[in-house]
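Hello,

Here is the structure I said I would pass on. My notes on the packing of its side chains follow below.

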Amino acid sequence: MTPVLSQDLQLTPIFEDVNLYPKSPQNRMIIRGLSGGPISAKETTGRENTVTGPCVGFIDKKPDHRLILNGFFESLKLEVKSSEDTTLVIRGPGGSWCNDDFEGKNPGITGQWFSGTYEIWIGSYQRNKYYPYVIKISPE
């Protein structure tokens, strides 16, 4: 017997990509995923530290999300929320940025962002440990 799923069942998408435009009223976004992977953040970025923080934790080979910015953002905040201690790696126009413990145990980055495509990874401190997270993206 095959189970019947309710038509009202809403599955929350994970690992989404985001497109943002400067001065758009839809610039507040929430995306979800699972942190972690088999590769060290340091291996992906090729460095131990960036101006925004240390490159720590373990991530997947492919990015969890792509953030496409269709114009210059004077001030944009990207913050990760999770019940576990997570890390953040971003690679895009101008280089790579890492962060850990932006707010408590949650990573984040804020500042000016250039137009272009940014690859985003959310890491876990232990290899191949996966934890749910939410990323909030908003203008400051």
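Tyrosine 118 is buried, with a relative accessible area of 2%; buried means under 20%, exposed over 50% and partly exposed in between, using a 1.4 Å probe and protein chains only. This is a predicted model, where local features need pLDDT of at least 70, side-chain atom pairs count only at pLDDT 80 or more, and totals for chains, interfaces and linings use all residues. Residues are numbered from 1 along each chain as its sequence is written, and side-chain values use heavy atoms, without hydrogens and water.

Tyrosine 118 pairs with tryptophan 113 edge-to-face, at 5.0 Å centre to centre and 65° between the planes. Rings of Phe, Tyr and Trp (its six-membered ring) pair if their centres lie within 6.5 Å; planes under 30 degrees apart count as stacked, over 60 as edge-to-face and the rest as tilted. Tryptophan 113 is also buried, at 5% relative accessible area. Ring pairs join Trp97, Trp113 and Tyr118 into a cluster.

By this rule there are 3 aromatic pairs. In one of them, phenylalanine 72 and phenylalanine 114 have ring centres 5.6 Å apart and planes at 45°, so the pair is tilted. Phenylalanine 72 is partly exposed, with a relative accessible area of 37%.

Regards
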